[in-house]
Amino acid sequence: MKQQLVVVGNGMAGVACVEQILKQPHDFDITIFGAETHVNYNRIMLSLVLAGQKSPDDIVLNGVDWYRDNNIRAKLGVRIANIDRERRVVIDQEGGETPYGKLILATGSNAFIPPIPGVDKKNVHVFRTMDDTQELLAKSRPGLKAVVIGGGLLGLEAARGLQLRGCDVTVVHLMDSLMERQLDPTGGAYLRRKIESLGIRVMLPKQTDALFGNGLVDGLRFASGEELEAELVVIAAGIRPNTELARRAGLAVGRGIVVNDHLETSDPDIFAVGECTEHNGQIFGLVAPLYEQGRVLAHAITGQRGKTFSGATPATKLKIMGVDIFSAGSIDDSEPGVESVKFEDPSQGVYKKVLLKNNRLHGVILVGDAEDEYTYTEWLRSGTDLTELRRQVLFPPRDPDPGRELADMPDSETVCGCNGVKKGDIIHAIHTHGITTLKQVKERTRASTSCGSCTGLCEKLLRAVAPDFQADTKTTLCSCFPFSYEQLRDIMRGQKLKSVEEVLAVYGNRKGCEVCKPALSYLLDMVWCGDHEEDRSARFINDRVHANIQKDGTFSVIPRMRGGVTTPDELRRIADVADKYNVPMVKVTGSQRIDLLGIKKADLPKVWADLGMSSGQAYTKGVRMVKTCVGTEFCRFGVQDSTNTGIELERRLENLFTPHKFKMGVVGCPRNCAEATVKDLGLVGQEGSWQVVVGGAAGKSVRKADLLITVETTEQALEASDLFFQYYRENANYLERSYDFVERIGIEKVRKETVYATDADKAKLLDRLARSKALAKDAWLEGAQPVNATQFVQIQPSAKTTSPEVASVC
């Protein structure tokens, strides 16, 4: 019979240990008890669930299928109350007994609740488990006055999550500085400024003497006598190892369950792993050493005792509210013989402090720039003599061969501290599974799925090891922002930033430039589906005045004519406007519309009002038009109704912004009279079907569009068009035309993530498009109201130059 292995604890450390056991030859029949009713989830990402960035399902590490596929009995919602070591059974709270041959205690830790009068009042919570998170989600609401007691990592994450739920949040901390275990007062001050810039109030040092209220908490009373109103209080004052079960069983317990180098307790048949343990007087709160414990325990319990656990270097790498933080070794520069070297750049939010003792690294703090964390970790571990590098300790020299640093890094080096993923794990996954993208690394190893601070290192490993590495686009927007487009999208979503001014203040240089401000305006519109704070001053001149500027400082006005179809009444209005405002030229465009050229800027609102027609968006980075042929209505060759299809396509997408101008065409037969195959998006009618083509061009260079899909019905063609359109909006860089985007991404990937995506992913794309469309407004009809005169001051361009924006509006 197989030996019975019982694991008490279904958290990250316990289940990770079981995963390692499953990789070894073993003869165990495994049972896992979990006090929570949930399957194993990533506790580190609870703050993202609280913030609304992830759902509970998104942070599941091992679903029900994993337990079933590995023949593991999972007893969830069952708390083990006692261990009978003599009879070798565990006893649950209902009195049920389960025998064990080997026992692993992975009981984790409990939230520490200070002995403050009033902590038992309603609406006072801790933030430790999924159930805690769901209770906070149920009670949080816009305007709720929430107070977080504790300025460590967990407290700050809870504060940001509640703020993103709309709560009015204050952080109260006992000490003089935030995160005092990882940062010195200066580093804590940098972090405090960043937190306060996001709208969270920070009060320190503040000793909470009591929570007051009649049943429900109403506020906090400090030792100074000052009071603070609160409708919700979250206590995040640290954690304590959960040792009660071990203590009742008579095991050796100090601050944690005492274990040796093989994770054995004082009973050789009982092991312990995770935050409940104490090894050589050290207890643990970070994931990386706990996962290393799991590896060592797995070898020991399966009879391979060569591996030992040596503890953990006191190093922490985190990302808090968008700020990279790295702390290692000692942070106390008052120790005898310790020298301190510092660098500060308040405008960029960068602070570095290096502590040296006997010309060797004694400790380091990095805030805002943690790129050199591996170098510092290696110096600390190896005790490198830095005498010859004293002038470079703040900015370590870079190897001219960027791959050498990776090659020198041992496979046992932790790359992702949040999930305990080592360099060797990533390399093994790359070779075993043919991984070529960062997304695949995340899916296979879980690296870079939590705080994201290891993303750069993961990409470097991919670039060095994967023969067919496919880089994600990381184009930096401009010198105002040290971030890529994708990072900016993540920042806007994660921090819920909704205005250009806010993004510039928190992550930029507070001023912006003519390059980044229009791009930020677009990104905010796309990320929030139009539900953002629009700043017209951040747009190009054409977007600000909703018309094309010409070389003489006048403007052209092109009303929308869906599908190139108009009416006698619209034509009369156009003619009347041309006469009334002495329009110098009325021209039929190549896009089947009519252009009124030479209109004075001050006349624009009156022209829009007199026309009474929708804006053709011929001035902006957005949907321009849908050019059509007459199709089956009049053409003897037509096999599809291109005119009405084109009108419907334009109606669906008009008034929406895109990374660059977006032109479309619909033709009723392969003769292609409306040039659909050289448009950003084209529908080509066939006998009994439609071809949907994307990424065409007919400007300075000509490119035939790629076939996206062939479908049978008009509605299917329109849906495929919607999918590509929204995918381009969300994934292209600003000012990247669709044909460059398709070539960069590859048509196969475009197909896979749009028309061949899962129904759920398609629905998400279409939902975001629908939400954007619901908030889209017609600039002319809205702008026909009285306009501030300062917005329409006449421009006097140089006679010898052409505005760079003139060339962009063709």
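**View 1. The largest nonpolar core of this predicted model has 65 residues.** Within that core, L156, L162 and L191 have the most contacts. A nonpolar core here is a set of buried Ala, Val, Leu, Ile, Met, Phe, Trp, Tyr and Cys residues joined through side-chain atoms within 4.5 Å. Buried means under 20% relative accessible area, exposed over 50%, and partly exposed in between, with a 1.4 Å probe and protein chains only. Helix α16 (residues 516-527) supplies the largest share of the core, 8 residues. L162 touches L50, S140, A146, V148, C167, V169, L232 and V234, leaving aside residues up to four places away in sequence. Contact means heavy atoms within 4.5 Å. Another core, of 45 residues, lies apart from it; C17, V18, L251 and I257 are among its members.

The model is predicted: local features need pLDDT of at least 70, side-chain atom pairs count only at pLDDT 80 or more, and totals for chains, interfaces and linings use all residues. Residues are numbered from 1 along each chain as its sequence is written, and side-chain values use heavy atoms, with hydrogens and water left out.

**View 2. Five strands make an open antiparallel sheet, in the order β24-β25-β28-β27-β26.** Strands (E, at least two residues) and helices (H or I, at least four) are DSSP runs, numbered from the N terminus. Two strands pair if DSSP finds at least two bridges between them. At the edges stand β24 (315-320) and β26 (338-345), each pairing on one side only. Neighbouring strands are turned by 15° against each other on average, direction ignored. Strand β25 (residues 323-329) and strand β28 (residues 360-367) run antiparallel, joined by 5 bridges. A328 stands opposite V364 in β28. Helix α6 (residues 185-197) packs on this sheet and touches β24, β25, β26, β27 (350-357) and β28. The direction of α6 makes about 165° with that of β27. Axes are lines fitted to C-alpha atoms, for helices over the stretch in contact; angles run from 0 to 180 degrees between N-to-C directions.

**View 3. Two hairpins involve strand β16: one with β15, one with β17.** Strand β15 (residues 208-212) runs antiparallel to strand β16 (residues 219-222), with 4 bridges between them. F212 faces G219 of β16 across the pair. This hairpin has 6 residues between its strands, and G213 takes a positive phi near 145°. Next comes the pairing of β16 with strand β17 (residues 227-229), antiparallel with 3 bridges. There, L220 has L228 as its bridge partner. The hairpin of β16 and β17 has 4 residues between the strands; G225 takes a positive phi near 95°.

**View 4. T31 sits in strand β2 (residues 28-34).** T31 has a relative accessible area of 1%, so it is buried. Its contacts are L5, V6, V7, R73 and K75, not counting residues up to four places away in sequence.

**View 5. Helix α4 (residues 130-139) has buried residues M130, D132, T133 and L136.** Seen down the α4 axis, these residues fall within an arc of 155°, so they line one face of the helix. The arc is that of the directions from the helix axis to the C-beta atoms. The buried residues of α4 pack against β3 (40-41), α2 (46-51), β11 (124-126) and β18 (232-235). At the start of α4, a side-chain oxygen of T129 comes within 3.4 Å of the backbone nitrogen of D131.

**View 6. A mixed open sheet of 5 strands has the order β37-β38-β39-β40-β43.** The edge strands β37 (623-628) and β43 (706-711) each have a single partner, so one side of each is left without a neighbour in the sheet. The twist averages 15° from one strand to the next. Strand β38 (residues 662-667) and strand β39 (residues 681-686) run parallel, joined by 4 bridges. V667 has V684 of β39 as its bridge partner. Helix α20 (residues 642-653) packs on the sheet, touching β37, β38, β39 and β40 (689-694). The direction of α20 makes about 175° with that of β37.

**View 7. In helix α22 (residues 738-745), the buried residues are S738, Y739, F741 and V742.** They cover an arc of only 160° around the axis, which puts them on the same side of α22. Just after α22, G746 takes a positive phi of about 95°.

Key:
Polar contact = N/O pair within 3.5 Å; in protein donor to acceptor, adjacent residues only side chain to side chain.
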